[in-house]
Amino acid sequence: MRLLLMGPPGAGKGTQAVTMADRFGVPAISTGDIFRAHVAQQSELGRTAQRFMDAGEYVPDEVTNAMLGQRLSEPDCADGFLLDGYPRTLQQVAELDAILERGGAVLGAVVLLDADPDELVRRLLLRARDQGRADDTEAVIRRRLEVYAAETAPLAAEYAERGLLATVDGLGSVDEVAERILAALTTLSAGVGG
Ligand code: AP5
């Protein structure tokens, strides 16, 4: 199982990634989490990433691609993985294609979680109150949504063309969304997804 979870900030990628990875017995890999771990360690990569993250911008492709390539080369990814928040740009799509090709592997499915922007902002402001994540201020959330719309939303068309895309409504309880994802993956594997 090699699965991607896409969607705007707050759509529930991280939440659902944990459930799905557990279900399929593969590691959930969040580029955002890896960057935050580097920020916490104050590594050189962390210092670079933080400048972009705090502004709601994407970390440059060459930095992100190198980090992701290293993570996917680890043994726990040999039989599959679930990527949460990667790829986000066309260059990252090309990099992932190259990594998979070198390993003789193919992508199984891409799940796009969709939700109303007002609900996304509401969820992230709630998280700001509970967890104080640095990029969960209203201004930065708005910028993250803009960057997603400009850079990442167009990737859905690419994966739809490849017959790999399942679009799932991210509104509702966490369990309801998880059930929808599983149903969408079943439909997709039966060859009638989109
Ligand atoms: P990242 O950490 O991936 O942030 P994001 O994409 O903005 O997504 P979020 O984590 O905010 O939301 P999510 O969709 O994962 O939802 P979650 O489950 O957390 O990336 C952070 C930054 O790192 C980027 O801005 C960029 O700078 C950099 N970066 C990362 N990847 C990169 C890449 N590939 N290239 C370049 N730069 C990159 O849920 C959100 C909240 O909603 C939580 O509080 C949760 O409890 C709640 N929630 C979840 N589901 C539900 C539900 N069904 N109902 C109600 N509440 C819910």
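Q: Is threonine 64 buried or exposed?
A: Threonine 64 is buried, because its relative accessibility is 4%. Buried stands for under 20% relative accessible area, exposed for over 50%, and partly exposed for values in between, using a 1.4 Å probe and protein chains only. The structure is a predicted model, in which local features need pLDDT of at least 70 and side-chain atom pairs pLDDT 80 or more, while totals for chains, interfaces and linings use all residues. Residues are numbered from 1 along each chain as its sequence is written, and side-chain values use heavy atoms, without hydrogens or water.

Q: Where does threonine 64 sit, then?
A: Threonine 64 belongs to helix α4. Helices (H or I, at least four residues) and strands (E, at least two) are DSSP runs, numbered from the N terminus.

Q: And which residues does threonine 64 touch?
A: Apart from its neighbours within four places in sequence, threonine 64 has contacts with Thr31, Phe35, Val59, Tyr86 and Gln92. Contact here means heavy atoms within 4.5 Å.

Q: What is the angle between α4 and α5?
A: The two helices pack at about 25 degrees, and their axes are 10 Å apart. This makes α4 roughly parallel to α5. An axis is a line fitted to C-alpha atoms, for helices over the stretch in contact, and angles run from 0 to 180 degrees between N-to-C directions. Under 35 degrees counts as roughly parallel, over 145 as roughly antiparallel, 65 to 115 as roughly perpendicular, and the rest as oblique.

Q: Which residues make that contact between α4 and α5?
A: From α4 come Asp61, Thr64, Asn65, Leu68, Gly69 and Leu72. Their partners in α5 are Gln91, Gln92, Glu95, Leu96 and Ile99.

Q: How many residues are in the largest nonpolar core?
A: That core has 29 residues. Ile29, Leu72, Leu83, Leu96, Leu107, Val110 and Tyr159 are those with the most contacts inside it. A nonpolar core is a set of buried Ala, Val, Leu, Ile, Met, Phe, Trp, Tyr and Cys residues joined through side-chain atoms within 4.5 Å.

Q: Which elements supply this core?
A: At least two residues each are supplied by β1 (2-6), α2, α3, α4 (61-72), β3 (81-84), α5 (90-102), β4 (109-114) and α8 (155-161). The largest share comes from α5, with 4 residues.

Q: Going back to leucine 96, what is it in contact with?
A: When neighbours within four places in sequence are left aside, leucine 96 meets Leu4, Leu72, Leu83, Tyr86, Pro87, Leu107 and Tyr159. There is also a second, separate core of 25 residues, with Met20, Val26, Ala109 and Leu124 among them.

Q: What about leucine 100: buried or exposed?
A: Leucine 100, a residue of helix α5, counts as buried at 6% relative accessibility. Beyond residues up to four places away in sequence, leucine 100 touches Arg2, Phe81, Ala105 and Leu107.

Q: Where is proline 87, and is its bond from tyrosine 86 cis or trans?
A: Proline 87 is in the loop between β3 and α5. The peptide bond from tyrosine 86 to proline 87 is cis, and its omega is near 0 degrees. As a general rule, most peptide bonds are trans, and most residues other than glycine have a negative phi.

Q: How do α2 and α3 cross?
A: The axes of α2 (residues 31-41) and α3 (residues 44-55) come within 7 Å and cross at roughly 120 degrees. The two helices are therefore oblique to each other. Gly32, Phe35, Arg36, His38 and Val39 of α2 meet Leu45, Gly46, Ala49, Gln50 and Met53 of α3.

Q: What about α6 and α7?
A: Helix α6 (residues 117-131) and helix α7 (residues 138-152) have axes that come within 10 Å and cross at roughly 140 degrees. This pair is therefore oblique as well. On the α6 side are Leu120, Val121, Leu124, Leu125 and Arg127, which meet Glu138, Ile141, Arg142, Arg144 and Leu145 of α7.

Q: Last one: is alanine 78 buried or exposed?
A: Alanine 78 counts as exposed, at 52% relative accessibility, and is found in the loop between α4 and β3. Its C-alpha atom is separated by 32 Å from that of arginine 51, which is 27 residues away along the chain.
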